[in-house]
Amino acid sequence: MNERTRRGRLIVFEGTDGTGKSTQLKLLHRGLAQQGLPVVSTREPTDGAFGRQIRNLYVNRHQYSREEELELFLADRREHVRDFLQPNLDLGKIILCDRYYFSTAAYQGALGLDPEEILRRNAFAPEPDLVLLFQAPLWLSIERITNGRGDTLNRFEQREFLEKVAAIFAAIDRPCIRRIDASGPMEEVRRQVLAAVAPLLSLHPRILSSLNEPCLP
Ligand code: TYD
């Protein structure tokens, strides 16, 4: 389906781990749903068979070569596009997607593959209407992962690796990308998210002012 005939909207949340994008996705989902808008949320890697295989990479990092790892993310995305993203776009839904092919460019690119070539290999996937790219200093993201989530860094989250990931994210330039400064308090970040989303969804001023009221996570 081309952009002119697309009925729904695809809004992607991207960024390094620990930037708070998943929290913001949930807040936006809740706000839009409360206003009666047809919103659905999803994530990559998915919970399908390939997504589960990918999550095994966290525990056994030497299981696959980087090319095989890339193939797994692409296979997961093909299934996601076929079974969820395209059908929901056809139904006119507003899709909020936690990670998409920019993560593949940044993370598998950080393993040494060419980010632009990775983006080209994702030509089968519908282009997002809007990409919210969450950016925060790396020390802050790592603190949020280790203190906030009480986690240790997984295979994708080692500092040097994340530095490369963040550098690739910073260098990707596409008209659909809006950069979100994720270093401030949650409410401030939420306001930036709303400001980016409002024009795309042509939100009625009454809906926008309700969404703008502070809300708890
Ligand atoms: P994450 O959002 O952290 O999922 P969860 O917290 O549910 O485990 O994503 C998992 C990791 O997968 C993340 O560190 C980035 C990585 N990833 C890639 O390397 N390539 C990709 O194409 C995608 C979508 C994610």
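Me: How many bridges join β1 to β3, and do they run parallel or antiparallel?

Reply: This is a predicted model. Five bridges join β1 (residues 9-15) to β3 (residues 94-98), and the two strands run parallel.

Me: What makes β1 and β4 a pair?

Reply: Two strands pair when there are at least two bridges between them. β1 and β4 (residues 130-135) have five, in the parallel sense. Therefore they count as a pair. Valine 12 has valine 131 in β4 as its bridge partner.

Me: Which strands are called edge strands, and why?

Reply: The strand order is β2-β3-β1-β4-β5, in an open sheet with parallel pairing. β2 (39-43) and β5 (177-181) each pair on one side only, and these are the edge strands. From one strand to the next, the twist averages 20°.

Me: What holds β5 to β4 in this description?

Reply: Five bridges join them, and the two strands run parallel. Leucine 133 stands opposite arginine 179 in β5.

Me: Why is arginine 179 called partly exposed?

Reply: Its relative accessibility is 36%. Buried would need under 20%, and exposed over 50%. The value for arginine 179 lies in between, so the residue counts as partly exposed. Arginine 179 touches Leu133, Gln135, Phe169, Ala170, Ile172 and Gln192, leaving aside residues up to four places away in sequence.

Me: Is glutamine 24 buried or exposed, and how do you know?

Reply: Buried. Glutamine 24 has a relative accessible area of 3%, and the limit for buried is under 20%. The residue is found in helix α1. Beyond residues up to four places away in sequence, glutamine 24 touches Phe13, Phe134, Met186, Val189, Arg190 and Val193.

Me: What makes β1 a mostly covered strand?

Reply: Six of its seven residues are buried. For each of those, the relative accessible area is under 20%.

Me: How do you know whether α3 and α4 are roughly parallel or roughly antiparallel?

Reply: Helix α3 (residues 66-90) and α4 pack at about 175°, with their axes 11 Å apart. Over 145 counts as roughly antiparallel. The angle passes that limit, so α3 and α4 are roughly antiparallel. Glu69, Leu70, Phe73 and Arg77 of α3 meet Tyr101, Thr104 and Gln108 of α4. That contact has three nonpolar, two polar and two charged residues.

Me: Where does α4 lie relative to the strands?

Reply: Helix α4 (residues 101-110) lies across β1, β4 and β5. It runs at about 25° to β1.

Note on methods:
Residues are numbered from 1 along each chain as its sequence is written. This is a predicted model: local features need pLDDT of at least 70, side-chain atom pairs count only at pLDDT 80 or more; totals for chains, interfaces and linings use all residues. Side-chain values use heavy atoms; hydrogens and water are left out. Buried means under 20% relative accessible area, exposed over 50%, partly exposed in between (1.4 Å probe, protein chains only). Helices (H or I, at least four residues) and strands (E, at least two) are DSSP runs, numbered from the N terminus. Contact means heavy atoms within 4.5 Å. Axes are lines fitted to C-alpha atoms, for helices over the stretch in contact, and angles run from 0 to 180 degrees between N-to-C directions. Angles under 35 degrees count as roughly parallel, over 145 as roughly antiparallel, 65 to 115 as roughly perpendicular and the rest as oblique. Ala, Val, Leu, Ile, Met, Phe, Trp, Tyr, Cys and Pro count as nonpolar, Asp, Glu, Lys and Arg as charged, and the others, Gly among them, as polar.
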